[in-house]
Amino acid sequence: MKIVILTGAGISAESGLKTFRDADGLWENEPVRIVATPEGFESEPKRVIEFYNKLRKGLKNVEPNAAHQALAKLEEKFGDDFLLITQNVDDLHQRAGSKRVIPMHGELLKVRCLGQKEHVTSCSEDQPEKCPTCGAKMRPHIVWFGEIPFEMNKIQKALMGCNLFAYIGTSGVVYPAAGFKQIAKMAGAQVVCLNLETTGDSYTDEFIQGKATEVVPKWVKAITDAN
């Protein structure tokens, strides 16, 4: 069996991280139009850099929870037949032990060069002013509004070849991730949603309501016991 998982902000919220975007258009009390758009970075680079520096330091105060750990165990069971796609920019999946991870919206603990986008550097605290490889200016390694998520071709290929697709801690209504369940379903996969709330659609076969820390470990155990 080939499994593809998509996780969203809900899975990390239980570790103490706020969701990416609140209803009032703020992210950690900063306007999304400033800290999460290329235009915001261009107009107020210092403010944006300081914002992400603060977020990086805050990651040290949170730990992976039972849902992160359960998905790492699921990967151990299925190996190369497992892929985890996350919309989150934190490193909690990796710290829980997940290795086959695609952070489609980027990674908070990395920065990249404005001159050569392939120049990506690890960054655990303050963003360096210049690229260590070529000396150009740097930016957070985050996919902002208006930008294309990472590794979309690899994601689509995995979705078209999976038998089971589950989206966890996300409503699955914001594109392009909202289209993942449709791709998987049309390819013949079973589609499962594990979330606090359901939006209801024709592509989801099963909805499991509850906190990720409670429902994900039970769901993972059922799968591993059956296989």
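**Figure 1. Cys193 in the predicted model.** At 3% relative accessibility, Cys193 counts as buried. This is a predicted model. Cys193 takes part in no disulfide. The nearest cysteine sulfur belongs to Cys162 and is 15 Å away. Across the structure, the number of disulfides is 0.

Figure 2. Strand β1 is mostly covered, with 5 of its 5 residues buried. In a regular strand the side chains alternate between the two faces of the sheet. From β1, Ile3, Ile5 and Thr7 point one way. Val4 and Leu6 point the other way. Residues from both sets are buried. One partner is β4, which pairs with β1 in the parallel sense over 5 bridges. In that pairing, Ile5 stands opposite Leu84 of β4. Another partner is β9, which runs parallel to β1 and is joined to it by 5 bridges. Here Val4 stands opposite Phe165 of β9.

**Figure 3. Ile168 in strand β9.** Ile168 sits in strand β9. Its relative accessibility is 0%, so Ile168 counts as buried. Its contacts, leaving aside neighbours within four places in sequence, include Ile5, Leu6 and Thr7. Gly8 and Ile11 also touch Ile168. Further contacts of Ile168 are Leu71, Leu194, Ala212, Val216 and Trp219. Lys110 lies 58 residues from Ile168 in sequence. In space, the C-alpha atoms of Ile168 and Lys110 are 24 Å apart.

Figure 4. Helix α5 covers residues 66-78, which is 13 residues. At 1.5 Å a residue, α5 should span 18 Å. Its end C-alpha atoms are 19 Å apart, which agrees. At the start of α5, a side-chain oxygen of Asn65 comes to within 2.9 Å of the backbone nitrogen of Ala67. Just after the helix, Gly79 has a positive phi of about 60°.

**Figure 5. The buried residues of α5 and what covers them.** An α-helix has 3.6 residues a turn, so residues three or four places apart point the same way. Buried residues of α5 include Ala67, His68, Ala70 and Leu71. Ala72, Leu74, Glu75 and Phe78 are buried too. Among the strands that cover these residues are β1 (3-7), β4 (82-86) and β9 (164-168). The helices among the covering elements include α1 (9-13), α6 (92-96) and α9 (212-226).

**Figure 6. An open sheet of 3 strands.** The order of the strands is β7-β6-β8, and the pairing is antiparallel. β7 (120-122) and β8 stand at the edges. Each has a single partner strand, so one side of each is left without a neighbour in the sheet. From one strand to the next, the twist averages 40°. Strand β6 (residues 106-113) pairs with β8 over 4 bridges, in the antiparallel sense. Within this sheet, Cys113 stands opposite Met138 in β8. Helix α4 (residues 45-59) lies across β6 and β8. α4 runs at about 140° to β6.

**Figure 7. His141 in strand β8.** Strand β8 (residues 138-142) holds His141. His141 is buried, with a relative accessible area of 10%. Setting aside neighbours within four places in sequence, the contacts of His141 include His105, Gly106 and Glu107. Lys110, Val111 and Arg112 are also in contact with His141.

Figure 8. Glu151 is found in the loop between β8 and α7 (152-160). Most residues other than glycine have a negative phi. Glu151 has a positive phi, near 55°. Glu151 is partly exposed, with a relative accessible area of 41%.

How values were computed
Residues are numbered from 1 along each chain as its sequence is written. This is a predicted model: local features need pLDDT of at least 70, side-chain atom pairs count only at pLDDT 80 or more; totals for chains, interfaces and linings use all residues. Side-chain values use heavy atoms; hydrogens and water are left out. A disulfide is a pair of cysteine sulfur atoms within 2.5 Å. Buried means under 20% relative accessible area, exposed over 50%, partly exposed in between (1.4 Å probe, protein chains only). Helices (H or I, at least four residues) and strands (E, at least two) are DSSP runs, numbered from the N terminus. The expected span of a helix is 1.5 Å times one less than its number of residues. Contact means heavy atoms within 4.5 Å. A polar contact is a pair of N or O atoms within 3.5 Å; within protein, one must be able to donate a hydrogen and the other to accept it, and residues adjacent in sequence count only if both atoms are side-chain atoms. Two strands pair if DSSP finds at least two bridges between them. Axes are lines fitted to C-alpha atoms, for helices over the stretch in contact, and angles run from 0 to 180 degrees between N-to-C directions.
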